[in-house]
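Q: I have a model to look at. How should I read its features, one at a time?

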Amino acid sequence: MKYVGAERCGVCHSGREQKYIYERWSLSPHAQAYSDLSWEERRLVKCLGCHTTGYWERDKWFRGLTMAELQGVQCEACHGPGSRYRKPDVMNLKFTEENPLKQRNKKIASGLKYPTLDDCKKCHNEKCPKYKPLVIEKPLIDIAHPQPRGDIFLENEP
Ligand code: HEC
Ligand code: HEC
Ligand code: HEC
Ligand code: HEC
């Protein structure tokens, strides 16, 4: 499974019907994670793992993809490399009353991750000189997906 870059997700996950998932991500701090580094910092390899997507997994870059297309914390930094699950036959499956689990499992088998708080902490930790503890109410606004299905955010509610 390879990283394909956020633009390829945006082809489908944009616009009104998709509640502007791609557009909202584009305006989020995650999308700016690379451009927010200074010119000097962008040369420090140790910083790029968390400020770009798939940096340490070059063997998993979709053919022809360059660093320019993997800047920032993109969809696949959270949802996993998408070359397989992005295919319409996997993606287009809707959750239905009949067999939601089977459909979810097919997506997972194709590499889709439903990120948990532990996944966030792989980047949100003291290894960054600018580390701030993750405040968990904000992500809902910042990541701004319309209907989170998991309960990763609930455990931290007062
Ligand atoms: C061919 C169009 C298409 C592409 C390309 C695509 N998606 Fe999707 N995706 C969909 C559709 C349609 C759904 C189902 C939406 C629904 O259930 O209402 C979906 C669902 C999802 C879901 C929710 C899964 C679930 O269980 O409901 C995630 C997460 C997701 N896509 C992420 C991505 C990412 C990341 C990429 C890029 C690597 C991507 N998609 C590329 C069409 C696409
Ligand atoms: C690949 C690494 C990575 C992962 C995974 C990741 N983040 Fe981030 N996150 C970042 C970086 C880097 C920034 C800083 C972006 C900037 O402002 O330049 C950031 C910024 C944020 C911000 C904005 C903070 C602020 O001060 O405005 C929030 C909120 C956030 N992340 C929440 C989450 C949540 C929730 C998850 C898990 C679902 C997550 N992140 C997963 C790297 C990551
Ligand atoms: C382990 C992952 C990780 C590494 C490695 C990392 N960062 Fe970060 N960085 C983050 C996360 C997560 C945030 C968001 C923190 C927040 O705002 O809560 C962030 C935020 C930042 C910001 C934005 C601060 C702001 O609010 O505008 C800068 C600048 C930054 N990091 C620089 C660096 C530099 C320089 C390095 C290398 C020396 C580095 N980072 C290495 C994860 C990382
Ligand atoms: C910082 C991590 C992060 C990034 C970046 C991210 N997502 Fe998500 N996404 C999540 C989390 C967390 C959920 C909720 C998962 C759950 O409910 O279990 C989610 C859920 C979704 C869903 C299902 C929501 C619904 O209402 O059906 C879709 C579709 C989706 N993401 C697509 C994308 C696309 C496309 C991108 C890039 C434009 C993207 N995501 C970027 C963390 C992220």
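Predicted model: local features only at pLDDT ≥ 70, side-chain atom pairs only at ≥ 80, totals over all residues.

Q: Which residues come nearest to ligand 3?

A: Of the 18 residues around ligand 3, the nearest are Cys47, Cys50, Lys127, Cys128 and Lys130. Sorted by class, the shell around ligand 3 holds 8 nonpolar, 4 polar and 6 charged residues.

Q: How many helices and strands does the protein have?

A: The protein has 8 helices and 0 strands. Read along the sequence, the pattern is α-α-α-α-α-α-α-α.

Q: What share of the residues is buried?

A: Buried residues make up 20% of the 158 residues in the protein. As for contacts with a separation of 6 or more, 60% of them join residues 24 or more positions apart.

Q: What is the mean pLDDT of the protein?

A: The mean pLDDT is 84, and 80% of the residues reach 70 or more. Over residues 148-158 the pLDDT is below 50, and this stretch has 8 contacts in the model beyond near neighbours in sequence.

Q: Are Lys19 and Tyr20 buried, exposed or partly exposed?

A: The idea is to count neighbours: 20 or more other C-beta atoms within 10 Å make a residue buried, 12 or fewer make it exposed, and anything in between is partly exposed. Lys19 has 15 other C-beta atoms within 10 Å, so Lys19 is partly exposed. Tyr20 has 16 within 10 Å and is therefore partly exposed.

Q: Where does Gly64 lie, and is Gly64 buried or exposed?

A: Gly64 is found in the loop between helix H3 (45-51) and helix H4 (75-79). Gly64 is exposed because 6 other C-beta atoms lie within 10 Å. Gly64 and Val4 are 60 residues apart in sequence, and their C-alpha atoms are 9.6 Å apart in space.

Q: Which residues does Met1 touch?

A: Leaving out residues up to four places away in sequence, Met1 touches Lys60, Pro81, Ser83, Arg84 and Gly111. Met1 is placed in the segment before H1. Met1 has 16 C-beta neighbours inside 10 Å, so Met1 counts as partly exposed.

Q: Where does Glu7 lie, and why is Glu7 partly exposed?

A: Glu7 lies in helix H1, residues 6-10. Glu7 is partly exposed because 13 other C-beta atoms lie within 10 Å. Along the chain Glu7 and Cys75 are 68 residues apart, while their C-alpha atoms are separated by 9.4 Å.

Q: And what can be said of Cys12, starting with where Cys12 lies?

A: Cys12 lies in the loop between H1 and H2. With 15 C-beta neighbours inside 10 Å, Cys12 counts as partly exposed. Cys12 and Pro88 are 76 residues apart in sequence and 9.6 Å apart in space, C-alpha to C-alpha.

Conventions: Residues numbered from 1 in each chain as written. Chains lettered and ligands numbered in written order. Near = placed C-beta within 6 Å. Nonpolar A, V, L, I, M, F, W, Y, C, P; charged D, E, K, R; others polar. Helix = DSSP H or I, 4+ residues; strand = E, 2+ residues; numbered from the N terminus. Contact = placed C-beta atoms within 7 Å. pLDDT = per-residue confidence, 0-100.
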